[in-house]
Amino acid sequence: MHEPATALHTVDLGSLGERLSALRLCDAASLTTIRRSLEQHGQLTALTVCGSRDQLEALDGFKRARAARALGWPTLVARVDPVDSVEAKLRLCTLHDRRGLTELEEGWLVRSLYREDGLSLPEIARRMVRHSSWAWRRPMLVESLDTSVQADVRLGLLAARAAVAVSRLPRGNQQAASAVVMRRGLTFRQTELLV
């Protein structure tokens, strides 16, 4: 996909929104690594933000922004993409082509596009260049997963892949199963066997 050339701007971290960070996972180890990198080398990569100059939302670089705030930095350099909410969410996948999003992050993204932005699942599949069955499965994964289990994943207590395995259990059993996984430190394979 062609990436538009955009100028770099200095953005105020105090007014930078992070609404889209709810669609991403942020583990503590990565945040610590990025904080050390910022301390040692400064900002090496620009954030990607969207919106108007008055109300900018982070699109990529949530960990960099959080680490910079923790260090007391008032600003960071960013590229401003002139896209709306739907295009911003679709860009999340494009920006993470190399590493990719977890199945759970994809589920949150598809559910957000479907519920908040009113796109149909076939339209989401088409715009994300995926098969329509993929677009049906992703929100079903999120909807079938107990919210407390999703919270454990967001807190870094449970791996996203383990949560996907737990999602195959009835909702009433998911919390107990995830507690066993966390308490015993089960691997993904062990979690699958447990399920």
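**The contact of α4 with α6**

Author: In this predicted model, the residues Glu-103, Leu-104, Glu-106, Gly-107, Trp-108, Val-110, Arg-111 and Arg-115 of α4 meet Trp-134, Ala-135, Arg-138, Pro-139, Leu-141, Val-142 and Glu-143 of α6.

The geometry may be considered next. Two packed helices are described by the angle between their axes and the distance between those axes. Here the axes of α4 and α6 come within 8 Å and cross at roughly 100°. Angles from 65 to 115 degrees count as roughly perpendicular, and therefore α4 is described as roughly perpendicular to α6.

Two of the residues in this contact, Arg-115 and Glu-143, also form a salt bridge, in which the closest N and O atoms are 3.1 Å apart. This pair links distant parts of the chain: Arg-115 belongs to helix α4 and Glu-143 to helix α6 (residues 132-144), 28 residues apart. Arg-115 counts as exposed, with 56% relative accessibility, whereas Glu-143, at 35%, counts as partly exposed.

The side chains of Lys-89 and Glu-116 meet at 3.1 Å, N to O. The two partners stand in contrasting surroundings. Lys-89 has a relative accessible area of 1% and is therefore buried, since the limit for that term is under 20%. Glu-116, at 58% relative accessibility, is exposed, because that term applies over 50%.

A further pair is found between Arg-168 and Glu-192, whose side chains meet in a salt bridge of 3.7 Å, N to O. Arg-168 is in the loop between α8 (160-166) and α9 (171-184), while Glu-192 is in helix α10 (residues 188-194); the two are 24 residues apart, and again distant parts of the chain are linked. Arg-168 is exposed at 51% relative accessibility, and Glu-192 is partly exposed at 29%.

Salt bridges may also be joined into a network, as they are for Glu-87, Glu-123, Arg-126 and Arg-127. In total, the structure holds 17 salt bridges, among them the bridge between Arg-115 and Glu-143.

Methods. Residues are numbered from 1 along each chain as its sequence is written. This is a predicted model: local features need pLDDT of at least 70, side-chain atom pairs count only at pLDDT 80 or more; totals for chains, interfaces and linings use all residues. Side-chain values use heavy atoms; hydrogens and water are left out. A salt bridge is a side-chain nitrogen of Lys or Arg within 4 Å of a carboxyl oxygen of Asp or Glu. Buried means under 20% relative accessible area, exposed over 50%, partly exposed in between (1.4 Å probe, protein chains only). Helices (H or I, at least four residues) and strands (E, at least two) are DSSP runs, numbered from the N terminus. Axes are lines fitted to C-alpha atoms, for helices over the stretch in contact, and angles run from 0 to 180 degrees between N-to-C directions. Angles under 35 degrees count as roughly parallel, over 145 as roughly antiparallel, 65 to 115 as roughly perpendicular and the rest as oblique. Contact means heavy atoms within 4.5 Å.
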